[in-house]
Amino acid sequence: MTEEGRRFAADYARLAGDIVNPLLAVSGGPDSMAMLTLAHEALAPGFTVASIDHRLRPEAVEESAMVAAHCATLGIPHATLAPSEPITGASIQAQARTTRYALLTDHARAIGAGGS
């Protein structure tokens, strides 16, 4: 394991305690892809990945597909989550955040992620 992987594993153990089968939210950006790479090195097997397509940007479909393909290569379960209703309101960012948290919470419950 690389030094970065060891640091990730130690930080995860310190922060996550006894959580097993975590659900990681991966957007496809550089930071979340780095997290995915480190998690694969330090935690695999035993975690799941989800990407969110808020349906606000056309690029989100491609970003989620890229994350899904990378997860498939690594043998990590992945799901792309999307809201059933369009996100609207005075603050799109706030509504998107609320929607994202709800989607991730529902998915985590459905797959039994995060249990100890």
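The legends below accompany close-up views of a predicted model.

**View 1. The largest pocket and its lining residues.**
In this predicted model, the largest pocket has a volume of about 350 Å³. Its lining is made up of 16 residues. Those that lie nearest the centre of the pocket are S27, I52, H54, R57 and R100. By residue type, the lining of the largest pocket comprises eight nonpolar, five polar and three charged residues.

**View 2. Secondary structure elements around the largest pocket.**
At least two lining residues are supplied by each of β2 (48-52), α3 (59-74) and α4 (92-111). The largest share of this lining comes from α4, which provides four residues.

**View 3. The second largest pocket and its lining residues.**
The second largest pocket holds about 210 Å³ of space. Its lining consists of F8, Y12, A16, I19, P22, L23, L24, M35, L43, A108, A113 and G114. Eleven of these residues are nonpolar and one is polar, while no charged residue takes part. Helix α1 (3-16), strand β1 (23-25) and helix α2 (30-43) each contribute at least two residues to the lining of the second largest pocket. Of the elements, α1 gives the most to this lining, with three residues.

**View 4. Helix α1 and its buried face.**
G5, F8, Y12 and A16 are the buried residues of α1. Viewed down the helix axis, these buried residues fall within an arc of 60 degrees and therefore line one face of α1. The buried residues of α1 pack against α2. Among them, F8, Y12 and A16 also belong to the lining of the second largest pocket. Following α1 is G17, which has a positive phi, near 60 degrees.

T48 counts as buried because its relative accessibility is 10%, the cut-off for burial being under 20%. With neighbours within four places in sequence left aside, T48 is in contact with N21, P22, L23, L24, P77 and I111. Among these contacts, P22, L23 and L24 are also found in the lining of the second largest pocket.

Notes. Residues numbered from 1 in each chain as written. Predicted model: local features only at pLDDT ≥ 70, side-chain atom pairs only at ≥ 80, totals over all residues. Heavy atoms only, no water. 1 Å grid on protein atoms, 1.4 Å probe; cavity = no way out; pocket = protein on both sides within 12 Å on 5 of 7 lines; lining within 4 Å. Points joined across faces, edges and corners; volume = space filled by probe spheres on them. Nonpolar A, V, L, I, M, F, W, Y, C, P; charged D, E, K, R; others polar. Buried < 20%, exposed > 50% of the residue type's maximum accessible area, 1.4 Å probe, protein only. Arc of directions from axis to C-beta. Contact = heavy atoms within 4.5 Å.
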